[in-house]
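User: Hi, I have a structure open and would like to go through it slowly. Could you help me read it?
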Amino acid sequence: MSDGPWASLNLGTSGGDDPQHVAANLDRVTGELALDRLVRMTQVHGAEVAWTGDVPLDEVPVADALLTDTPGVGVLVRVADCTPIVLAAPEQSLVGVVHCGREGLTKGVVGSAVAAMRARGATTIQAWIGPRACGQCYELPQEMVDAVAAVVPEARSTTSWGTPAIDVGAGVRAQLTALDVRTSDLGADECTIEHDRWYSYRRQGQDSGRFGAVAVIRQ
Ligand SMILES: [Zn+2]
């Protein structure tokens, strides 16, 4: 169990928590969800997609989208302000998770994940978008906002105090809708910066933990 600033089931090792505590937390998720295996990824704000069938036991692939077609194998995305997305193609029993922030939006990680699922035969895909930094809080320099909006115009936003911002969730939703994927909210549609029950890098800084979303196919 983690304590201090990571006391709420921290799943990330990048924020300074004891790796043994994080490992125990990951084991707890595996146990609570009765998973045969929990596969996580080293997220690098890219657009790489990995399938769990290609990931050797105990290896952590470098990717920002992790997909599985194996019942009982959970796939984990870890975030603190970035947008967690769960994807499912129920008819083909394919599920996945995606990590998307500012860079993922312009690199098209969501589109890469959807394309990978369709390449394996996915027909109807449903997406759930999780808690993230909202468009009224995620302030960025004007040049960065312009660069994102040049690729995903729907992501352009303004903070509640009137400065340039991006709304990653709105951008992700636009990308998914353009790909004919239906979207819903994954649990609470809350801003991680505004609500302290979520980890937030912007609010907590370097010591921020990571919360996660898991997708699994049940037999
Ligand atoms: Zn907010």
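Analyst: Gladly, and a definition comes first: two strands are said to pair if DSSP finds at least two bridges between them. With that in hand, β3 and strand β6 (residues 94-100) pair in the antiparallel sense over four bridges. Please keep in mind that this is a predicted model.

User: Which residue is the bridge partner of Thr68 in β6?
Analyst: The partner of Thr68 in β6 is Val95.

User: And how does β2 run relative to β3, parallel or antiparallel?
Analyst: β2 and β3 run parallel, and three bridges join them. Along this pairing, Val49 has Ala65 of β3 as its bridge partner, while Ala50 stands opposite Leu66 in β3.

User: Which way do the residues of β3 point?
Analyst: In strand β3, which covers residues 65-68, Ala65 and Leu67 point one way, whereas Leu66 and Thr68 point the other way, and all of them are buried.

User: Which residues of α3 are buried?
Analyst: The buried residues in α3 are Val109, Val110, Ala113, Val114 and Met117. These residues are on the same side of α3, because they cover an arc of only 140° around the axis. As for what they meet there, the buried residues of α3 pack against β2, β3, β5 and β6, and also against α2 (102-107) and α5.

User: What follows α3?
Analyst: Gly121 follows α3, and its phi is positive, near 100°.

User: Now a change of topic: where is His45, and what is its phi?
Analyst: His45 sits in the loop between β1 (37-39) and β2 (49-51), and it has a positive phi of about 60° although it is not a glycine. As background, most residues other than glycine have a negative phi.

User: Why does His45 count as partly exposed?
Analyst: Because 16 other C-beta atoms lie within 10 Å of His45, and a residue is buried if that number is 20 or more, exposed if it is 12 or fewer, and partly exposed in between.

User: And is Asp180 buried or exposed?
Analyst: Asp180 counts as exposed, because it has 10 C-beta neighbours inside 10 Å. Asp180 lies in the loop between α5 (168-178) and β10 (182-185), and its phi is near 65°, a positive value in a residue other than glycine.

User: Last topic, the whole chain: how many helices and strands are there?
Analyst: The protein chain has six helices and eleven strands. Its radius of gyration is 17 Å, close to the 17 Å that the globule rule gives for 219 residues, so the chain is as compact as a globular protein of that length. Along its principal axes, the C-alpha trace spans about 50 × 45 × 25 Å.

User: How much of the chain counts as buried?
Analyst: Of its 219 residues, 46% count as buried. Among contacts between residues at least 6 apart in sequence, 62% join residues at least 24 apart.

Conventions:
Residues are numbered from 1 along each chain as its sequence is written. This is a predicted model: local features need pLDDT of at least 70, side-chain atom pairs count only at pLDDT 80 or more; totals for chains, interfaces and linings use all residues. Helices (H or I, at least four residues) and strands (E, at least two) are DSSP runs, numbered from the N terminus. The radius of gyration is taken over C-alpha atoms; the globule rule is 2.2 Å times the number of residues to the power 0.38. Two residues are in contact if their C-beta atoms, placed from the backbone, lie within 7 Å. The arc is that of the directions from the helix axis to the C-beta atoms.
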